[in-house]
Amino acid sequence: MKRFLPMLLATTILAGLHATAQNAVPEIAFDSVANPLTLPGDIYLGEVGGVAANSKGEIFVYTRTGHPTVSLGGSRAFVHGGSRLFQFDRAGKFIHEIGQESYGFLFAQQVRIDPQDNIWIVDQMSGYVMKLDPTGHVLMLLGRKPEAVTIPAPAPRGGGGGGRGGALPGAGNASDVFNRPTDVAWDAAGNIFVADGIGNTRVAKFNSKGVFIKSWGSTGTGPGLFGSVLAIAVDAQGNVYAADGGNKRIQVFDNNGTFKTQYTNVGTPTALCITPGPNQFLYSSNSNPPEDIDVAGEIYKMKLDGSLVGKFGRAGKLPKEFGTVNSIDCRSENNLLVGEVGNMRVQKLTLH
Amino acid sequence: MKSFLACVSIIALLLGGIHALAQQKATAQNVPEISYTSAPNFLKIPAGETLGEAVGVATNSKGHVFVYHRSANTRLWEFDKNGVFVKEIGKGYYGFEFAHSVRVDAQDNIWTVDEGTNTVTKFSPEGRFLMVLGRRPPAVDGAVATANGPNPPAQKYIFCRPTDVGWDPQGNIFVSDGYCNNRVVKFDKNGRFLAQAGSEKSGNGPGEFNLPHGLQVDGQGNVWVADRSNNRYQVLDNNLKPKTMYTNLGVGWTVCVSPGPHQYVFASNSNPNGNGPGTWDNTGEIYKLELDGTILGKFGHASKELGGFQVVHMMDCRNPNEIVVGEIESWRVQKLILQPAPAKTSNAR
């Protein structure tokens with residue numbers, strides 16, 4: 001017992017230190033620009049999966065809107081629609097829609113713009129990572145949409161009402177077929193890294209021509225294993241930062257997938273972004289779950305080595321509050337675009 | 001065998017008798033009739049369009065009429081005070097799947113309650129998106145299997161087929177929720193959860209619900225709830241503590257509270273969907289009440305003809321002498337002009 005007590009004390013002190021470290025993260029002052037996007041009268045954003053800006057400052061929003069529809073085929077059920085991609089000018093004025101009636105637009109997950117201003121779409125339900133040219137024409141597809149959807153048999157309820165998650169029927173795993181992919185990033189050589197993601201728990205690497213190179217990770221808690229991969233970013237040196245939401249950590253890998261380090265002090269990383277330029281910063285959102293706005297919600301700014309610069313925001317529905325952030329654009333270090341699932345909106349933030 | 005048959009028939013007789021009695025007891029007696037006319041051709045539907053089940057209807061301060069209805073898709077239409085079509089709001093909006101209610105708040109913001117997407121959405125007076133409560137079940141989780149077994153536990157910010165929305169004078173938001181929860185939820189004006197009455201479980205005690213189907217808040221902040229499957233209306237205080245219940249107004253489908261210094265309550269004993277045999281005899285009328293529950297009169301009856309009602313699903317009573325009603329089974333919206341109250345018959349109870 002005597003031995004046990006000091007141990008308990010030590011634990012308490014450690015816990016205290018941990019809490020202090022959390023509290024010591026400086027708050028970053030910021031504002032939210034009012035009405036950052038001007039939509040035509042007959043277009044409504046739904047849940048914002050992704051938001052990104054190109055080199056001209058034009059803004060792309062990939063959103064869950066319209067009506068996801070299941071139609072009954074001869075012996076199978078087919079899924080259509082449910083997401084749209086919109087382009088706005090740098091002032092937020094609507095330019096046009098891209099990819100109307102696309103076979104791959106089912107459940108908007110992410111949009112990213114590469115250095116050549118190509119538009120990359122990640123769709124969690126069709127399983128596509130789509131490369132579109134700057135005018136919106138399809139250049140390359142990774143993955144394939146499952147041909148049909150399974151209608152699950154009624155199951156007894158009462159075991160909690162939360163999300164079901166898990167794998168999509170018919171989706172693949174090993175190589176270049178994804179199962180609920182979440183994000184895409186590139187290194188300086190143009191290699192493609194896909195976070196795959198929720199149905200699978202791995203990172204897949206392709207060369208710039210879309211040839212599968214390798215894949216790493218599976219479900220687990222150790223280094224290099226994932227609870228889920230919710231977002232991905234690559235720095236100028238080619239290191240890969242994977243948001244391991246299921247294990248509440250960011251894992252850092254070298255360009256070939258060798259585990260380097262992990263950051264465990266940023267809650268549940270759900271959206272990641274790395275700023276361009278010589279002095280890079282990493283933003284990570286500890287997004288609240290869609291069913292609760294009384295927990296989490298803040299966004300962390302950190303150095304690439306994981307040291308925290310500060311944090312800002314909290315969960316909620318007002319301006320400067322966040323509803324399940326799913327996407328951050330940080331092309332400009334102090335002018336962020338943030339896409340929210342829960343609040344069906346994009347906020348333009350100015351950090352001070 | 002003989003005794004068995006006799007037994008069955010006695011039980012059947014008894015049950016039938018009890019049933020009839022219950023129906024009689026369900027509504028107040030000797031209530032004065034309020035005479036009214038239905039304005040002919042009230043809404044001018046654009047050529048090529050068809051109104052569907054008109055489950056939601058509301059007016060704003062300019063008299064514009066908003067109709068939230070189930071056609072091929074669920075749609076929200078705005079008409080001016082003369083019934084001329086103005087515009088569609090929310091075309092293709094993610095939160096529209098199966099309409100249930102539309103209400104307009106004191107600032108003319110338009111609120112929709114959608115029981116297909118489990119969302120309550122606030123639109124600006126012009127129809128721009130402002131705020132959403134609840135979340136549509138994500139399509140990536142697949143088709144939602146038919147419910148089976150007890151309701152899962154209610155969550156603060158997630159609805160299960162919500163039915164209606166109202167506000168107190170401070171702007172707090174009240175949601176009746178609904179078909180697969182059985183509760184009333186209070187949020188602050190920014191959508192943050194404050195309290196709930198009831199739970200996922202149905203019940204018939206005070207503050208419990210069995211399909212809370214309609215809800216409005218009066219000027220004192222009291223919450224009127226149409227507790228449909230309990231055949232009653234319940235009044236809760238502003239903190240959702242039960243105050244009163246009314247079991248003499250029939251089934252309890254939907255409720256409306258008129259604005260202004262002297263408020264009236266309108267409560268509909270709507271005839272049931274499907275028009276079961278005999279149901280028209282004891283359902284279909286709308287009651288007009290004082291806030292203290294005194295019944296002033298009633299009007300209307302179940303019928304498929306204009307002027308009669310086919311399952312009134314929502315009433316607008318911004319002007320207590322001009323009631324706009326939306327009906328499920330006749331796909332129409334009627335504007336009812338109530339005649340000045342009849343000479344009070346003293347036996348009104």
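1. A:Ser332 stands opposite A:Asn335, a residue of strand β27 of chain A. Strands here are DSSP runs of E of at least two residues, and helices are runs of H or I of at least four, both numbered from the N terminus. β26(A) and β27(A), the latter covering residues 335-340, pair in the antiparallel sense over five bridges; pairing requires that DSSP finds at least two bridges between two strands. The two strands form a hairpin, with two residues between them. Strand β26 of chain A (residues 325-332) is largely enclosed by the rest of the structure, because six of its eight residues are buried. Buried means that 20 or more other C-beta atoms lie within 10 Å of the residue's own, exposed means 12 or fewer, and partly exposed is in between, with C-beta atoms placed from the backbone.

2. This is a predicted model, in which local features need pLDDT of at least 70 and side-chain atom pairs count only at pLDDT 80 or more, while totals for chains, interfaces and linings use all residues. Residues are numbered from 1 along each chain as its sequence is written, and chains are lettered from A and ligands numbered from 1 in the order in which they are written.

3. On confidence: pLDDT is the predictor's confidence in each residue, from 0 to 100. Chain A averages 89, and 87% of its residues score at least 70. Over residues 1-21 of chain A the pLDDT is below 50, and this stretch has one contact beyond near neighbours in sequence. Residues 169-173 of chain A are also below 50, but that stretch has 15 such contacts in the model. A contact is a pair of residues whose C-beta atoms, placed from the backbone, lie within 7 Å. Where pLDDT is low, the predicted coordinates should not be read in detail.

4. What secondary structure does chain A have? It comes to one helix and 28 strands. Of the 352 residues of chain A, 44% count as buried.

5. One open sheet of chain A has four strands in the order β16-β17-β18-β19, with antiparallel pairing. Its edge strands, each pairing on one side only, are β16 (231-234) and β19 (259-263). Within the sheet, β17 (residues 240-244) and β18 (residues 249-253) are joined antiparallel over five bridges, and A:Val240 has A:Phe253 in β18(A) as its bridge partner.

6. Chain B has an open sheet of four strands in the order β2-β3-β4-β5, again with antiparallel pairing. β2 (53-59) and β5 (85-89) are the edge strands. Five bridges join β2(B) to β3 of chain B (residues 65-70); B:Val57 has B:Val67 as its bridge partner in β3(B).

7. The largest nonpolar core has 162 residues, and those with the most contacts inside it are A:Ile232, A:Ala242, A:Leu272, B:Val57, B:Phe66 and B:Phe266. Such a core is a set of buried Ala, Val, Leu, Ile, Met, Phe, Trp, Tyr and Cys residues joined through C-beta atoms within 7 Å. Beyond its neighbours within four places in sequence, A:Leu272 is in contact with residues including A:Ile232, A:Tyr241 and A:Leu282.

8. Between the chains, 40 residues of chain A are in contact with 32 residues of chain B. The chain A side divides into 18 nonpolar, 13 polar and nine charged residues.

9. B:Pro261 lies in the loop between β18 (254-257) and β19 (264-268) of chain B. B:Pro261 counts as exposed because it has 5 C-beta neighbours inside 10 Å. Its C-alpha atom is separated by 8.4 Å from that of B:Gly219, 42 residues apart along the chain.

Definitions and conventions:
Two residues are in contact if their C-beta atoms, placed from the backbone, lie within 7 Å. Ala, Val, Leu, Ile, Met, Phe, Trp, Tyr, Cys and Pro count as nonpolar, Asp, Glu, Lys and Arg as charged, and the others, Gly among them, as polar.
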